[in-house]
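A guided walk through selected sites would be welcome.

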Amino acid sequence: MTAGDLREEVALACRVLAVEGLVEHVLGHVSARVGDRMLIRCRGPRERGLRYTSAADVHEVDLDGRGELPGGYRVPNELPIHGELLRARPEAGAVVHAHPPAVLLCGVAGLELRPVFGSYNIPAMRMALAGVPVYPRSVLIRRAELAAEMLAVMGDRQVCVLRGHGITVAGETVGQAVVRALNLDALARVTLELARLGRTAPEIPPEDVAELPDLGSVLNDEAAWRYYAARARECVDPPQIPHLNG
Ligand SMILES: [Zn+2]
């Protein structure tokens, strides 16, 4: 993938997160590793929110956020989420930070993200089975020390709930990170709805868990990613009007 393609993919990931309801207006960002640097969604002078992100909003900086940005663009306040995760995990190629309402509600209500379903969404079920870590502080992660705290809680998992705030998700590719974020959101939505119904999902017996294959490979995630990417392209007119493009 060329640097230009990757830039477009980061932009598309932002549009997917918005279309799928994981981010609202201008909050949230996506990054992708390029060598020892990263491409990250920045805010420009004509910011219109993640739904209308274009490749022109994605810029290359080092893992501390240093780099030449064109007129009026600046890196997100929470850049350390991306820089510190990519620094700590050589296998990670992309990072998503979003604020999905269902995950937020589960977090603040203290609802544990348990494996409440099986084949409905196996990657989400396996995520729950492994345990979804919760970073208990609702702070804005704008310093490396806070990102390090979050990463310590995250451990070797690919997702982390930031209570009262949002989520951090790692992936080998941009598509995988986005699909993992969507799976986490699916789990939270069902968990929340069960709580609203006043019901508790029964434990899934180990012999049934054994019949749920690990579908969480990059190949499967990339297929789901193509679906979400196509849907976002359908829902959002790509921002092609030059005067709106910043
Ligand atoms: Zn945030």
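In which loop does His 25 lie? In this predicted model, His 25 belongs to the loop between helix 1 (3–19) and strand 1. The residue has a positive phi of about 30°, although it is not a glycine. His 25 counts as exposed, because its relative accessibility is 53% and the exposed class begins over 50%.

The next stop is strand 1 itself, which spans residues 29–34 and contains Ser 31. With a relative accessible area of 0%, Ser 31 is buried, since that term covers values under 20%. The side chain of Ser 31 makes a polar contact with the side chain of His 82, at 2.7 Å.

The metal site comes next. The zinc ion is coordinated by four residues: Glu 78 through OE, and His 97, His 99 and His 165 each through NE2, at 2.0 to 2.3 Å. Along the chain, these donors follow the spacing E-x18-H-x1-H-x65-H. Two of them, Glu 78 and His 99, are 21 residues apart and link distant parts of the chain. Glu 78 sits in the loop between strand 3 (58–62) and helix 2 (79–88), whereas His 99 sits in the loop between strand 4 (94–98) and helix 3 (101–109). Glu 78 is buried, with a relative accessible area of 5%.

Why is the arrangement around the zinc ion irregular? The 4 donor atoms subtend angles of 90 to 158°, and four donors count as tetrahedral only if all angles lie between 85 and 135 degrees. For comparison, the ideal angle for four tetrahedral donors is 109.5 degrees.

Helix 3 also holds Leu 105. Leu 105 counts as partly exposed, because its relative accessibility is 35%. The C-alpha atoms of Leu 105 and Gly 166 are separated by 9.8 Å, although these residues are 61 apart along the chain.

The structure holds 2 cavities of 30 Å³ or more.

Terms used. Residues numbered from 1 in each chain as written. Predicted model: local features only at pLDDT ≥ 70, side-chain atom pairs only at ≥ 80, totals over all residues. Heavy atoms only, no water. 1 Å grid on protein atoms, 1.4 Å probe; cavity = no way out; pocket = protein on both sides within 12 Å on 5 of 7 lines; lining within 4 Å. Points joined across faces, edges and corners; volume = space filled by probe spheres on them. Donors = N, O, S within 2.8 Å, 3.2 Å for Na, K, Ca; no water. Tetrahedral: all angles 85-135°; square planar, octahedral: opposite > 155°, others 65-115°. Helix = DSSP H or I, 4+ residues; strand = E, 2+ residues; numbered from the N terminus. Buried < 20%, exposed > 50% of the residue type's maximum accessible area, 1.4 Å probe, protein only. Polar contact = N/O pair within 3.5 Å; in protein donor to acceptor, adjacent residues only side chain to side chain.
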